[in-house]
Amino acid sequence: MGLKIGLTLPNRGVLFGATTPAELVDLAEIADQTGVFNSVWVGDSLFGKPRLESVALLAAIAGRTSRVRLGPACLASFPLRDPVWLAYQWASLDQIANGRTVLVACNGNVHNDPVQNENDLFTVDRASRVQRVVEWIEILKLLWTEDDVTYEGKHYQFKNITVDPKPAAKPRPPIWLAVNAPRSNPELVQQTHRKIVRRTDGWQTAASNFEDLEWRIQDLNRTAEELDRDPASIEKHLYHNVNLNDDQHSGLEESKKFLDLYYGGDRSLESTDNWVASGSSERVIERLKRYEAIGFDEVTLRITSWNQREQLARFIEEVLPAFTPAAVAAD
């Protein structure tokens, strides 16, 4: 099938002038109309990294698109949201999108003061965020596929609850897990891989090192086989960035400024280069092809630039044809 390409919208960029709410929806519509972009994603966070709220933005995008899959590039607030309310809210979103949503769960547990404020507000800690992810996934699956559901978990309990309308996707929308356990702790990595295989439909990662990612995919596939699951049934999805600029240094400088504002801190140009496919279209294509070669099904790209429309137009013209399915190209 070849590598699929997604577009990640920088919804935190509205806070520092990189984009606007109206432009974000326009960009999603442009991606949808290409017939080649496979998906459109938005970021998510509450107080850790504030931005336009993800589910509300996805609903607006669902109303302006008809083909691309839609989801959060890691729903970092997943363990903080009420799971029954989320099941109801997401089912309605999936109805609006006519079955095109993908829910990407993660614990969103990064080490900074705003996230600690989240934990204090919602009375959770690092361990319970991880535990809630597991419980919430179970709850969503049940409420999306059954009626009169009763659930008794460590962190949530309810009796005889039915969500209607249920999602348009049958039997339910896919649920992926976004996780980047450190390779220095191989036991933890393997534990997360078993969780992906047993509980979810896919894996999303924001890691970028080729050798590391190849090892992780091989271990995930091996884990699937050990647990009697077809490795191909688990989607492998990379969350990456792009900045097209024939002057690669200028592209990296802009990307560093963009990502520093997006996440805070002062990252090096080297770390920026590791997480951004930058430079000429040829260099960007070469990098994406390497991720395809190590086993990713899809790469989604966020544009690290203040010229979102210009960059997207250039990407569509110069990069996307290298990943155009034969059937689309023939049309």
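Contact here means heavy atoms within 4.5 Å. The structure described below is a predicted model.

## Overall fold

The secondary structure of the protein chain consists of twelve helices and eleven strands. The radius of gyration is 19 Å, close to the 20 Å that the globule rule gives for 331 residues, so the chain is as compact as a globular protein of that length. Along its principal axes, the C-alpha trace spans about 60 × 45 × 40 Å.

Of the 331 residues, 53% count as buried. Among contacts between residues at least 6 apart in sequence, 75% join residues at least 24 apart. The accessible surface of the protein chain amounts to about 14300 Å², and carbon and sulfur atoms account for 49% of that surface.

## Helix H3 and its surroundings

Helix H3 (83–96) contains 14 residues and reaches 20 Å from its first C-alpha to its last, close to the 20 Å expected at 1.5 Å a residue. At the start of H3, a side-chain oxygen of Asp82 comes to within 3.1 Å of the backbone nitrogen of Val84. Following H3 is Asn98, which has a positive phi, near 55°.

Which residues of H3 are buried? They are Pro83, Val84, Leu86, Ala87, Trp90, Ala91, Leu93 and Asp94. The elements covering the buried residues of H3 include helix H2 (54–62), strand S3, strand S4, helix H5 (126–145) and strand S6 (157–161).

## The disulfide

The count of disulfides in the model is one. This disulfide joins Cys74 to Cys106, with an S to S distance of 1.9 Å. The pair links distant parts of the chain, its two cysteines being 32 residues apart. Cys74 lies in the loop between strand S3 (69–72) and helix H3 (83–96). Cys106 lies in the loop between strand S4 (103–105) and helix H4 (113–121).

The link of Cys74 and Cys106 is right-handed, with 60° about the S-S bond. Are the two cysteines buried or exposed? Cys74 has a relative accessible area of 17% and is therefore buried, the cut-off being under 20%. Cys106 is also buried, with a relative accessible area of 3%.

Note on methods. Residues numbered from 1 in each chain as written. Predicted model: local features only at pLDDT ≥ 70, side-chain atom pairs only at ≥ 80, totals over all residues. Heavy atoms only, no water. Disulfide = S-S within 2.5 Å. Helix = DSSP H or I, 4+ residues; strand = E, 2+ residues; numbered from the N terminus. Buried < 20%, exposed > 50% of the residue type's maximum accessible area, 1.4 Å probe, protein only. Expected span 1.5 Å × (residues − 1). Polar contact = N/O pair within 3.5 Å; in protein donor to acceptor, adjacent residues only side chain to side chain. Rg over C-alpha atoms; globule rule 2.2 N^0.38 Å. Areas by Shrake-Rupley, 256 points an atom, 1.4 Å probe, with all protein chains shown as cover.
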